[in-house]
Amino acid sequence: MWFLYFNPAISRKYKFHNTSGVYFVSFATVYWIDVFTRQSYFNVLVDSVNYCRKEKAMQLYCYCFMPNHIHFIFRSGKEQPMELLRDFKRYTSRKMIETIQSNSQESRKEWLLWMFKRAGSKQRNVKTYQFWQHHNRPIELWSTKVLQQKIAYIHNNPVKSGFVVHPEDWKYSSARNFQGDQTELEIDNIGFIN
């Protein structure tokens with residue numbers, strides 16, 4: 001007979017324990033669907049981050065928007081990282097569904113909406129559509145070395161995926177910011193970790 005072994009260390013691993021901490025998070029679309037393939041879809045993410053930075057005290061230190069997932073290194077200035085991320089995902093989910101529905105150029109519209117509806121039907125807490133997977137896997141960055149590792153991982157994501165040769169060539173990545181280009185999104189200067 002097989003028993004599930006509960007390991008408290010694992011259950012604590014992916015939670016926001018230190019509300020003032022700097023966190024690395026990753027979250028993906030349901031079924032890892034490549035949704036972010038059009039400028040208007042990336043605009044939803046950019047606008048949402050800008051809003052969160054201005055209105056919700058999001059401090060964004062590093063990011064990368066990929067076709068089916070996002071990476072952030074961030075801190076909540078209001079010490080509410082879980083709520084901040086929840087609100088970001090809730091808003092972008094709703095806005096992305098609206099943007100897809102109204103996009104007359106979207107050749108995959110019916111399929112995308114069907115997939116999001118299918119994912120939503122499997123969840124008790126979802127009314128109609130589910131856009132994002134529920135988990136975020138937050139990891140608190142406790143040292144400069146770990147921070148640098150995560151920044152390198154995030155910035156090399158488009159390179160490893162074969163989209164670009166150099167990290168700064170990916171339009172929606174803070175690798176560009178690290179080269180002095182704040183064109184798409186502004187980021188905050190992390191300085192050092194306490």
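**Note on helix packing and salt bridges**

1. Arg 53 is partly exposed, at a relative accessible area of 22% (buried means under 20%, exposed over 50%, partly exposed in between; 1.4 Å probe, protein chains only). This is a predicted model, in which local features need pLDDT of at least 70 and side-chain atom pairs count only at pLDDT 80 or more, while totals for chains, interfaces and linings use all residues. Residues are numbered from 1 along each chain as its sequence is written, and side-chain values use heavy atoms, with hydrogens and water left out.

2. The side chain of Arg 53 meets that of Asp 188 in a salt bridge, 3.0 Å from N to O (a side-chain nitrogen of Lys or Arg within 4 Å of a carboxyl oxygen of Asp or Glu). Arg 53 lies in helix H2 and Asp 188 in the segment after helix H5 (144–160), so the pair ties together parts 135 residues apart in sequence. Helices here are DSSP runs (H or I, at least four residues), numbered from the N terminus. Asp 188 is partly exposed as well, with a relative accessible area of 24%.

3. The structure holds 7 salt bridges. Arg 176 pairs with Asp 181, with the closest N and O atoms 3.0 Å apart, and Asp 181 is partly exposed at 23% relative accessibility. Arg 86 and Asp 87 meet at 3.1 Å, N to O. A network of salt bridges links Arg 38, Glu 106 and Arg 108.

4. Helix H2 (residues 39–55) packs against helix H3 (residues 81–102) at an angle of about 150 degrees, with the axes 10 Å apart (axes are lines fitted to C-alpha atoms over the stretch in contact; angles run from 0 to 180 degrees between N-to-C directions).

Notes. Helices (H or I, at least four residues) and strands (E, at least two) are DSSP runs, numbered from the N terminus.
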